[in-house]
Structure formats: C-alpha cells, structure tokens
Amino acid sequence: MLEVANLSYTLPNQTTLFDDISLTLDEGEIIGLSGASGLGKTTFAKVITGYLPAQSGEINCKSLKNKPHPVQLIWQHPEQSVNPKWRLQKVLEEAGDINKHLLNQLNIPFEWLQRYPHQLSGGQLQRICIARCLLTNPSYIIADEITTMLDPIAQAEIWQLIMEYVQKNKIGLLIISHDHPLLENLCEKILDFTQFVKPFEGLSRNNDEGVRT
Ligand SMILES: Nc1ncnc2c1ncn2[C@@H]1O[C@H](COP(=O)(O)OP(=O)(O)OP(=O)(O)O)[C@@H](O)[C@H]1O
C-alpha cells in the first residue's frame with residue numbers, strides 16, 4: 001500500500017499550496033483526484049513520485065528507496081517529458097529493457113523506435129510515455145491529466161490500454177483530471193483536492209469552470 005501522511009507543501013514565496021494531505025492507495029486500487037486549476041495537484045504528484053522533496057509529512061510504500069521509483073508519473077504533455085534529440089528507442093531504453101510484448105499491447109509498431117519525438121502525434125507519443133512508465137514495472141502510477149490534449153478517440157484508446165494493464169498487473173492508479181465523467185467511469189472513489197487547500201489571503205484561484213474566485 002502507498003501511504004501519504006500529513007503532506008504539506010509551501011512555495012518559495014511562503015504560500016502554502018496544500019496542507020495536511022493524507023491518503024492511501026492500494027495495489028490494484030483506482031482513485032480519482034479532481035480540483036480546480038492551479039491548486040497544486042501536479043506539485044502533489046511530483047512530491048509523491050520523488051521529483052520534489054517532501055517538505056513535511058511522510059510517504060511510505062514498499063521499495064520506496066529502490067530505483068526506478070515504485071511510484072511513476074505520467075505527465076500531461078508528452079512532448080515536454082521526452083528528450084527531443086533522442087530517438088524513441090533511447091527514450092524507452094532509459095526505463096529498462098524494451099519488451100516487445102508490452103509494445104504490442106500498447107499498439108506501438110517497432111519501427112516507431114527509430115523516429116524522433118516530433119515525428120509522432122500527441123497520442124502516439126503519449127503511448128510511448130506510457131510504455132516508458134510501464135517498463136519500470138511500477139507498483140503505483142499517477143496519471144496527471146494525461147489525455148487532456150487528445151481527441152476523444154485517442155483518449156478512449158489510451159484509457160482502455162491503461163485500465164487493462166493496471167487491472168491485470170494490480171497496479172494502484174491515481175488519476176488526476178478535471179474530467180468528472182471520466183473519473184466517474186474509471187475510479188472506485190474520487191477525492192476533491194480543494195479540501196487540502198487553504199484559501200489564499202488576497203489572491204484568487206480558478207475554479208473548475210476557469211472562473212476566478
Ligand atoms: N517552484 C514554484 N515556484 C513558484 N510557484 C510555483 C512553483 N511550482 C508551482 N508553482 C505554482 O503553484 C501553483 C500550483 O501549480 P500546479 O501545477 O501544482 O497546480 P495544478 O493543480 O496541477 O494545476 P492544473 O490543474 O492547471 O495542472 C501554480 O500557481 C504554480 O504556478
């Protein structure tokens with residue numbers, strides 16, 4: 001089980017982004033996390049996956065000190081999360097030995113591996129990023145707005161592939177999204193990030209409709 005206890009995060013300007021988050025994610029469990037833009041969901045994801053240090057609170061799970069990290073993040077913008085100068089073979093090899101069966105499962109033709117990132121569409125490149133994540137054999141995955149920029153057909157295809165894989169391999173999945181119908185469709189429960197956020201003094205944030213509050 002992945003356990004997050006009393007996690008808080010304060011920005012360099014001393015604004016507390018989120019405060020006292022505690023949650024658990026079991027292997028095989030699928031949880032949604034929603035909340036308005038700018039509240040700190042991506043920052044929270046980066047702390048859990050080790051890209052940012054935990055300033056206070058605790059993150060516990062089996063093999064947390066191992067490399068690769070047992071909790072892997074799939075980012076919103078695939079084109080920003082790969083080295084544009086690397087062929088996709090090198091992008092994948094960074095995560096582990098390339099597994100042809102996995103590439104087949106994700107509908108990734110082997111010939112794509114000789115291409116550069118800009119030679120794939122957004123949806124195709126996101127499948128490469130998902131493959132890179134899965135090649136690390138994660139116990140938990142955080143999917144941060146991973147299909148927001150894709151058309152509905154590419155979105156449906158990606159979610160079908162991920163759901164099949166995580167269910168078969170009992171991976172815990174935290175889906176961060178503004179898309180409530182998607183979360184209701186895929187998740188056993190949905191958490192509202194707003195509960196972890198203290199109101200800013202003298203500042204405003206966007207709500208889900210993009211309206212300043
Ligand atoms: N290192 C930093 N220095 C200053 N501000 C930061 C830093 N990191 C994040 N922020 C700010 O913290 C806020 C939360 O950002 P974050 O990306 O975590 O929010 P989010 O809830 O994921 O938003 P979205 O739903 O739009 O992706 C933003 O206003 C962002 O500009």
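Guide: Gladly! Going from the N terminus, the protein chain's elements follow the order β-β-β-α-β-β-α-α-α-β-α-β-α-β, with six helices and eight strands in total. This is a predicted model, where local features need pLDDT of at least 70 and side-chain atom pairs count only at pLDDT 80 or more, while totals for chains, interfaces and linings use all residues. Residues are numbered from 1 along each chain as its sequence is written.

Visitor: What makes a run of residues a helix or a strand?

Guide: Helices are DSSP runs of H or I with at least four residues, strands are runs of E with at least two, and both are numbered from the N terminus. Helix α4, for example, covers residues 122–135.

Visitor: How do you know that β1 and β2 pair?

Guide: Two strands pair if DSSP finds at least two bridges between them. Strand β1 (residues 2–10) and strand β2 (residues 16–25) have six bridges, so they pair, in the antiparallel sense.

Visitor: Why does the radius of gyration agree with a compact globule?

Guide: The radius is taken over C-alpha atoms, and the globule rule is 2.2 Å times the number of residues to the power 0.38. For 213 residues that rule gives a value near 17 Å, and the protein chain has 17 Å, so the two agree.

Visitor: What makes a set of residues a nonpolar core?

Guide: Its members are buried Ala, Val, Leu, Ile, Met, Phe, Trp, Tyr and Cys residues, joined through C-beta atoms within 7 Å. A residue is buried if 20 or more other C-beta atoms, placed from the backbone, lie within 10 Å of its own. Buried residues make up 32% of the protein chain. The largest core has 50 residues, and I74, I141, I142 and I175 have the most contacts inside it. Helix α4 provides the largest share of this core, eight residues.

Visitor: Which residues does I175 contact, beyond its neighbours within four places in sequence?

Guide: Contact requires C-beta atoms, placed from the backbone, within 7 Å. For I175 the partners are I30, G32, L33, A143, L183, L186 and C187.

Methods:
A residue is buried if 20 or more other C-beta atoms lie within 10 Å of its own, exposed if 12 or fewer, and partly exposed in between; C-beta atoms are placed from the backbone. Two residues are in contact if their C-beta atoms, placed from the backbone, lie within 7 Å.
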